[in-house]
Amino acid sequence: MTELFLHQQWLIWLTLLPLGAAVAAFLAPQQARWIGLATALLLPVCALAGILSVTLTHADPITAGGWPTPLGIELRRDGLALVMLAVTALVGFIISCYALGYFPVHDRHYDKVRYFWPLWLFLWGSCNALFVSGDLFNLYVTLELVTLSSVALIALEGGKQALAAALRYLFIGLLGSLSYLLGVGLLYGSYATVDIALLGEMISATRLNHAAMALMVAGLVLKSALFPLHFWLPQAHTMAPAPVSAALSALVVKAAYVILLRLWFEVFPALDTFAVGHLLGLLGSIAIVWGSLMALRQERLKLLIAYSTVAQIGYLYLVFPLAQPETMAAAWTGGVLLMMTHACGKSAMFMVAGTIHHTAGSDRLSRLAGAGGPVGVLAVVFTLAATTIIGLPPSGGFFAKWIFINAALVTGQWWYLPIILSGTLLAAAYIARVLGWAFLDVKRSSYPVIPWVMKWPPLVLSVIALLFGLIAYEPIQIALIGAPVHGSIMVEMTP
Amino acid sequence: MTTPLLYAGGGILLFSIGLHALLIRRHLLRKILAINIMGSGVFMVFIAIGARGTDAVGDPVTQVMVLTGIVVSLCFTAVAIALTIRMHNLTNCTTFATDEESSLD
Amino acid sequence: MEPALIFDLILLLTLISLAWLLLASTDLFRAVVLFIAFGLLLALAWVRLGAPDVALAEAAIGAGISGALLLIGLGQLGSSERDRCPVRPLTFLQHLSAPVLIGVIIPSVTVILLLELRQLQVVTSGQQGLVQNLLSISGSDHPVTAVLLNFRAWDTLLEKGVLLLALITIWSLDQARPRFENTDIPPLLSGFGQLLLPLLILFAGVLLWQGGYVPGGAFQAGALLTAAMLLATLSGYALPSRWTGVALRLVLVAGFLVFLAVAAITLLLRGEPLHYPQRLAGGLILLIEIVATLSVAAILSAALAGGHPVTNLPPAATPTTKIEDKS
Amino acid sequence: MSATVSTAMLLLVPVFPLLLIGALTVTRVRHMALAMCPLAPLPGLVLALFPAANVSVAMPWLLVGSHWGMDHTGQIFLLLTALLWLAAGIYARSYTRNSPQRLRFWIFFLLCMSGNLGLTLALDMISFYLFFTLMSFAAYGLIIHDNTPFALRAGRIYLWLVILGEVLLFAALLPAARAADSLLLRDVAATLANAEGMNLILALLLVALGIKMGAVPLHFWLPLAHPAAPIPASAVLSGAMIKAGLLGLLRLFPLGFATLPGWSATLLSLGLLMAFFGVLMGLLQKQPKTLLAYSSISQIGFPLMAIGLGLAAPQQWPLLAPVVGFYALHHGLAKGALFLGVGMTGHLNSPGLMRHVTLAGLMLPALALAGAPFTSGALAKAGLKPFLMLSPLLDESLLTLLLGGAAVGTTLLMGRLLLILWSPARAAVKAATSGMWGGWSLLLLAVVLVSSYPGVLTSSAAGADLKWIDALWPVAGGAIITLLGWYSTRKRGAHLGAKDLDVLLDALLRRLANLAAALKLPPPPRLPRGARWQNLPLLLLLQDSEQQLRQLSVAGVMFILLLLALLLL
Amino acid sequence: MSDLILPAILLSSLLPGLIIFTLPEQQVTLRTALNLAGALFKLMLVALLFVRVAERQYAELRLPLLPDIELVLRADALSLLFLTLSALLWLLTTIYAIGYLEGSPNRSRFFGFFSLCVSATTGIALSGDLVTFVIFYEMLTISTYPLVVHRGTPKALAAGRIYLAYTICGGLVLFFATVWLRSIAGPLDFSPGGVVADLDPALYGSLAIIFALLMLSLGVKAALVPLHIWLPSAMVAPAPVSALLHAVAVVKAGAFGIIRVVHDIYGLDFSAAQNLLFPLALLAAFTIIYGSIRALSQNDLKRRLAFSTVSQVSYILLGVAMATPLGTIGGLVHLVHQGLMKITLFFCAGNLAETLGIHKVDEMDGVGRRMPWTMAAFTVGALGMIGLPPLAGFISKWYLGLGSLAAGQPWIILVLIASTLLNAAYFLPVVHRIWFIEPRQDWPSSSLRGGRETTWALLAPPLMTALLVILLGILAGSVGSALYWVELIAAREYGL
């Protein structure tokens with residue numbers, strides 16, 4: 001029994017189950033909610049089982065179909081996959097609970113409910129498929145799956161702006177993935193394989209490979225909305241229904257980034273990526289400042305949060321210049337940590353925004369007035385989740401920034417310090433603006449009753465986001481299983 | 001030997017033409033066409049790469065990839081057209097004009 | 001210069017100029033027609049490059065189904081570039097961006113990529129050797145099918161997912177467009193349809209079956225079936241409403257579901273998804289192909305219909321009534 | 001008394017008044033507690049009158065380590081203090097009977113008493129400082145008790161000087177404690193002469209304690225505060241509390257340990273100055289209590305001179321110390337009796353026995369102060385005389401003459417006091433009640449007893465025989481001048497009442513207040529709404545760029561530029 | 001195993017806090033019970049720990065956060081000092097807040113954040129290394145904000161903004177300095193003698209800069225001039241919050257951090273040898289004087305108290321900066337004493353505002369007659385602030401003075417003198433008003449049974465703290481007093 005449990009490929013079940021559930025939800029729209037809920041309950045368990053089985057047995061990848069690489073498609077069981085799956089399971093579970101309340105079955109939302117669940121489960125399954133994939137072409141397919149389900153979910157809102165945002169997102173997604181695919185093709189041309197591990201062993205620093213890298217990086221940068229290619233993100237994340245916004249910000253932008261992370265540390269090390277890393281770092285720095293400043297300007301909560309995502313993505317891109325030989329492990333870990341914690345925090349914030357929209361009819365900041373009062377939980381959730389966005393301890397964001405600053409100091413790239421610090425300050429400023437409204441005491445005559453699934457699940461998530469720093473040790477140890485980097489996380493400076 | 005390379009180069013050109021049109025043409029249907037052309041260019045590079053061998057038949061792996069790619073691209077085309085139609089029904093627009101114009105605030 | 005090379009050159013130049021023309025033309029209808037032509041010529045190029053499977057798929061899907069979708073879309077949108085929505089004057093940056101795009105950066109990117117392509121002259125053997133070696137135990141005699149449904153079946157599974165997802169997306173957007181009124185159908189077409197329909201279905205079956213050893217397969221067959229469906233629709237055939245419920249959905253998902261089930265069972269029993277037992281490989285592939293064909297046909301037909309079937313399910317307020325936040 | 005009992009008594013001396021305060025706050029026992037208030041100093045009196053040998057108690061747990069006990073100096077001061085407070089308490093019980101703020105008065109009275117009594121027993125500097133502070137601050141409550149503008153102003157000035165004294169004392173004690181490496185006052189006095197910055201410490205001490213003693217020029221609070229307080233409070237202020245400074249000097253100066261000619265001369269001249277200054281200023285007053293206050297300044301100059309002499313000859317100090325103590329005792333009792341007497345003057349203008357008794361009661365302490373023969377004053381001055389030769393400043397005869405002059409002045413002052421008290425203007429003073437009589441007579445009795453207690457001198461002055469004639473001439477002279485002066489001015493009436501340094505201080509304080517007000521910065525100007533940071537030009541520019549960026553074509557350029565950069569890098 | 005007492009202490013306020021968040025507004029009884037139970041339980045645990053630490057059994061708990069970074073909870077004598085203070089005052093403030101907020105809205109939110117705030121303070125006290133300290137320090141920042149803006153008025157929000165702006169900037173600098181220090185000095189466990197002494201002299205330049213940054217950032221919470229602006233404006237918060245803010249939570253966290261950094265990170269020897277402390281002493285001295293002068297001209301009672309805090313907290317820093325045992329004793333003991341005195345004052349100010357609606361100093365005429373007990377406590381607090389014996393403030397001042405002499409910096413005595421004078425100048429007039437000036441109008445008479453001046457919940461806490469102020473002064477030499485404890489710490493610190 002234990003044997004069966006331990007050697008079960010839980011990580012693959014994490015892909016198959018939601019996809020199957022999506023089909024079931026499509027087949028039986030009346031039961032879609034319960035199918036979704038059951039899946040949402042099941043997947044965290046699977047993720048946990050997967051972590052257990054990998055840590056207790058081994059982390060070697062398997063191949064789909066059982067064919068050895070390069071022929072077969074490698075499916076990873078490494079730490080990065082594990083933590084991303086786990087975070088997705090957690091966030092997904094909360095989003096599912098939230099969506100139960102957000103899309104009530106009884107009223108005019110019936111159409112949305114009917115299609116939300118299959119689409120959302122598709123998104124979930126495809127994200128999971130992406131995280132375990134170790135094959136460049138398979139990554140393309142999963143990426144497209146993710147993109148398409150995101151497009152569908154954004155369009156679910158149904159308004160003209162939502163449709164436009166979805167369509168734009170679709171074009172951007174296609175442009176990015178085609179660019180990526182062209183790069184994959186060029187790599188295949190040289191090495192006749194699309195397996196990441198094999199490529200990593202074979203690749204050498206030729207101009208063609210460099211071009212392939214450029215195409216792939218550009219495509220992924222576009223998909224993960226790094227400045228100045230973030231233009232599609234605020235709209236897409238704002239126009240979508242709140243649970244979808246949460247999923248998009250928490251998971252979808254991370255999908256492209258995870259691919260980039262895998263490529264950068266497993267395939268590209270042989271290439272001369274010094275300048276590219278710095279270019280990405282530069283763009284990341286601008287993104288931090290730009291996103292934060294734009295967030296400061298926004299009058300709508302969801303937009304503000306979306307721009308905050310733009311800034312947070314900037315931090316993720318600091319990983320690349322900071323990953324110098326001595327700080328390789330540090331930068332990688334910092335990036336992964338930030339991804340995890342940002343997923344929790346940001347989705348909680350979007351859910352709060354959704355609830356505000358739901359109850360006050362609009363998510364304008366001024367509508368927040370009094371939110372700290374009768375619906376005090378919202379203020380609490382937002383505050384707690386905001387800590388990780390600002391990077392206050394004990395959130396994971398705090399430690400991620402710690403690692404980044406440390407790496408910048410050790411590698412002598414001091415110019416990232418003011419960027420990180422000012423980003424933190426600006427984040428505090430825009431969060432403070434929201435809190436200022438939330439705590440403004442306004443007597444509202446009546447508030448609609450908020451279903452409890454819209455109140456408490458986000459609180460759980462925000463508490464996790466807040467306390468992530470305290471429990472980060474195990475997740476990071478898990479993430480480091482089979483990681484492409486080795487070395488100390490807290491590198492010390494040598495005089 | 002040069003033939004596949006020739007096609008590969010052609011593929012790159014198609015990619016560029018599509019890219020160009022995607023960005024500067026305003027009508028959504030045109031953008032959809034452009035994306036399709038771009039995709040065709042990429043597929044052409046794939047097939048050309050697979051066809052460099054001495055065999056009469058090319059590398060089945062690239063072909064399968066392109067098959068997959070074609071289906072994916074068809075799906076996107078279908079969705080994009082559906083979205084465009086829906087948007088047109090709502091706004092009478094077939095461009096992003098309203099979207100770009102409308103402030104997000 | 002070899003004649004073959006000249007042919008290739010001409011074909012390539014034609015393709016490129018077609019692409020340019022169709023993207024630059026002012027008339028959308030013309031553009032779509034040119035696009036279909038482009039697809040057909042592209043199929044020719046695939047054949048030239050030794051990829052008949054792709055050629056078939058391109059002809060059926062790239063040219064056929066995409067063309068049909070585009071034409072239907074065009075019918076809905078009107079073929080004029082202009083529409084009734086306000087056009088904002090171009091901003092300075094937009095004015096600047098078009099010439100810059102054309103004049104400088106896209107050509108430079110292209111040139112750089114073209115230059116780098118030269119390195120591909122060094123032939124590295126692809127995976128055809130590997131595929132050939134393992135073909136005998138793959139359960140299919142045709143390398144492409146073997147790769148498609150066995151070696152890289154995981155991709156294909158997900159690709160089937162994309163297809164289903166696309167359909168769900170389309171359904172989520174709108175309901176199906178009203179069918180053509182019977183009176184509008186020219187009798188010729190109706191008669192032609194009745195003649196052609198069985199042929200198409202038959203041909204699809206052949207295509208599916210031969211996928212096992214020569215070019216062809218589920219998709220191509222599915223596309224043909226779709227054409228049959230389209231034809232049937234054009235001839236006035238409508239799916240009875242009692243079939244548009246769960247039955248239709250079952251057909252739509254069947255391909256993906258069966259594939260998924262196979263993956264789940266193999267995962268459960270063998271620890272790796274889609275790791276067929278060697279004895280059953282052929283059978284499983286056939287099963288997947290057959291069901292997939294039906295589903296592909298159903299999905300493509302439904303996609304052409306442009307939305308979810310009109311049902312008399314409860315509230316079903318159309319999304320058009322959605323009030324946007326005007327504040 | 002057994003050691004245990006006397007130790008308990010020792011602890012009870014400062015604590016008993018505090019316990020009474022506690023009782024006062026409880027409504028149920030308030031009445032009883034009020035009745036007991038006058039008796040609060042009884043433990044002190046008992047302890048002073050029946051001393052056990054070397055009663056002392058070390059309490060390391062109290063403050064930062066406290067040491068209480070009673071030595072010879074302490075005994076005399078305790079006796080004086082307890083007696084005065086007892087008398088004043090008895091007096092006050094009647095005096096405040098109908099006052100609406102009676103409770104408040106007693107609380108401060110008891111607090112102040114506790115401090116004053118405890119001060120005499122404190123053998124370590126922290127306890128000393130504690131009781132000193134307690135007494136000083138509690139006295140504020142007594143001074144402003146009447147809530148008149150005059151009292152409030154007097155209180156304010158008093159408070160300022162108290163605080164100044166506190167901090168200076170604090171500043172002096174710190175290095176002293178450091179030099180002695182001990183908190184015991186004995187050790188401090190022993191080591192102070194060798195301490196680093198000795199002169200500074202001594203100066204700080206002198207100023208800090210001098211404020212309490214009314215040392216010129218920091219005396220100006222005294223003629224304001226003492227008169228402002230209700231009569232019983234004035235009595236203890238002027239009789240007992242003023243001695244706290246003196247006690248401090250006795251405890252802390254290196255008396256008997258070092259020869260400090262410079263300091264000796266300083267104290268001597270200060271004492272002389274005060275003796276004459278007090279008289280002169282006092283003569284210019286028309287309020288009896290003010291006059292008495294100046295008299296206190298004058299009188300306190302004498303023990304100060306004695307201390308100065310002691311600094312010149314440490315070996316003589318054991319003999320000189322009792323003289324100082326006796327002087328303090330004498331002055332305290334006499335001054336207390338005079339102050340209480342001020343409240344009895346209602347009888348002066350009524351015919352009968354009471355008039356004569358009152359007059360006699362006033363005359364007795366007045367004469368004692370003037371140093372008339374057979375009074376304690378004469379004893380005290382006689383005790384001082386043998387040591388005048390130690391003076392490093394002036395020679396003995398000159399000093400004797402000066403002291404004589406001062407005595408003349410004191411007599412004059414007393415004479416004037418009696419004249420003022422007798423004046424018809426004071427007829428309005430209410431008749432005294434029995435309690436007031438009780439308190440006053442207690443003090444008068446004490447004055448008489450002290451006068452007949454020459455033991456203090458025989459033990460100290462080493463056989464110096466008393467020459468009453470020495471004491472007689474200044475008193476007689478002073479009395480004659482007084483009568484002459486009264487006779488010459490009785491028609492015109494004296495318009496006296498001098499201003500003192502407090503006027504200057506008031507001006508200074510006003511300046512300070514203005515300064516503080518000027519420091520209140522104006523609030524920062526609020527930005528108009530349009531200029532809020534959300535609308536900063538930079539942000540607007542960014543917003544605009546963002547709008548541009550949202551267009552697919554512009555964004556596309558960005559994408560391709562990025563691609564190009566990546567390709568080229 | 002027994003080290004689990006450390007997290008238990010943390011959780012004793014954290015858990016009730018989290019539960020309280022979820023309670024509906026009407027659940028007064030349950031909320032009150034939770035609050036009090038948590039506070040009492042915490043006090044009990046602290047007492048247990050106190051006994052253990054007094055016997056030199058230090059508790060320690062390490063929890064790995066990241067590879068190479070640990071959350072270190074440790075109870076040493078210094079932690080216990082702060083911990084006991086916060087646990088005790090939490091109990092009192094909770095009681096007070098229950099009375100103060102009776103019937104006002106958003107109480108669940110208030111008490112939830114209140115508990116979080118205390119948990120953070122507890123964490124600060126129990127931090128065993130600088131990283132842990134930073135974590136709890138920032139937690140404190142965030143959990144205090146909702147308390148500051150609790151009233152929800154535009155004024156409160158403006159104050160909250162200022163508060164956040166200052167503390168977040170400070171926190172950021174602290175964070176940066178910590179990371180930097182960590183990157184050159186390795187693990188930053190608090191240990192007597194510090195952790196940087198053995199480093200390469202080439203790094204001394206960096207160390208000095210880091211030291212300055214640390215002081216600057218901790219100085220924000222400790223309200224060093226010119227970083228004090230937030231403190232007076234934060235007094236718009238409800239009285240219990242002000243009390244907690246000024247007495248234990250925020251300003252003390254800053255001061256405590258500075259103590260930790262100087263003693264246990266840099267080490268006194270090292271910082272003194274590198275002349276790092278003199279500027280700190282100067283700044284502290286300036287703050288003391290400046291705060292007092294500003295307090296002089298404030299008419300708003302709480303504002304006056306706030307500026308007084310600005311001034312008083314720097315006493316602690318001054319003591320630390322002397323780098324002598326006596327100075328250290330003075331500084332540390334003031335940590336406790338100032339807390340008690342200031343909380344008394346704020347409680348009383350709150351009582352005035354809540355019971356009589358008095359906010360301004362010039363409205364306080366004769367209020368001693370209407371609320372004698374409250375005002376007696378106020379007087380004790382005020383006199384203690386001036387530093388009069390036998391109150392607690394004197395003990396601190398005495399040791400500071402001795403310390404300055406031992407350090408050979410007698411100028412500090414001048415600062416103490418000046419500050420005492422100024423303190424007197426802004427407190428004594430208030431005391432005078434309370435007791436000696438006739439009220440301008442009759443106060444509304446008490447509606448409570450027996451004519452009590454205010455409810456017990458409002459009255460008992462200030463009386464308790466005032467009593468403590470007296471007792472800690474009078475019994476300073478006894479076992480178990482703050483002074484006794486601080487002497488133990490100093491003995492450990494200096495190896496005496």
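Me: What span does helix H7 of chain C reach from its first C-alpha to its last?
Reply: This is a predicted model, in which local features need pLDDT of at least 70 and side-chain atom pairs count only at pLDDT 80 or more, while totals for chains, interfaces and linings use all residues. Residues are numbered from 1 along each chain as its sequence is written, and chains are lettered from A and ligands numbered from 1 in the order in which they are written. Helices are DSSP runs (H or I, at least four residues; strands are E, at least two), numbered from the N terminus, and the expected span is 1.5 Å times one less than the number of residues. H7(C), residues 153-173, has 21 residues and an expected 30 Å, and its reach is close to that, at 30 Å.

Me: How many of the residues of H7(C) are buried?
Reply: A residue is buried if 20 or more other C-beta atoms, placed from the backbone, lie within 10 Å of its own, exposed if 12 or fewer, and partly exposed in between. H7(C) is mostly covered, and its buried count is 21 of 21.

Me: Which helix supplies the largest share of the side of domain 1 of chain A that touches domain 2 of chain A?
Reply: The domain assignment, automatic or from a database, gives domain 1 (12-272) and domain 2 (326-495) in chain A. Contact means C-beta atoms, placed from the backbone, within 7 Å, and 30 residues of domain 1 of chain A meet 31 residues of domain 2 of chain A in this way. Helices H3 (32-56), H4 (79-102) and H11 (242-267) of chain A each supply at least two residues of the domain 1 side. The largest share, 13 residues, comes from H4(A).

Me: Is E:Leu421 buried, partly exposed or exposed?
Reply: E:Leu421 is found in helix H18 (residues 411-436) of chain E and touches D:Ile163 and D:Val167, not counting residues up to four places away in sequence. Because 16 other C-beta atoms lie within 10 Å, E:Leu421 is partly exposed.

Me: How many nonpolar residues are on the side of chain D that touches chain E?
Reply: The contact takes 26 residues from chain D and 26 residues from chain E. On the chain D side, H6 (125-143), H7 (149-180) and H21 (502-519) each supply at least two residues, and H7(D) gives the most, with 9 residues. Ala, Val, Leu, Ile, Met, Phe, Trp, Tyr, Cys and Pro count as nonpolar, Asp, Glu, Lys and Arg as charged, and the others, Gly among them, as polar. The chain D side has 3 polar and 2 charged residues, and its nonpolar residues number 21.

Definitions and conventions. Contact = placed C-beta atoms within 7 Å.
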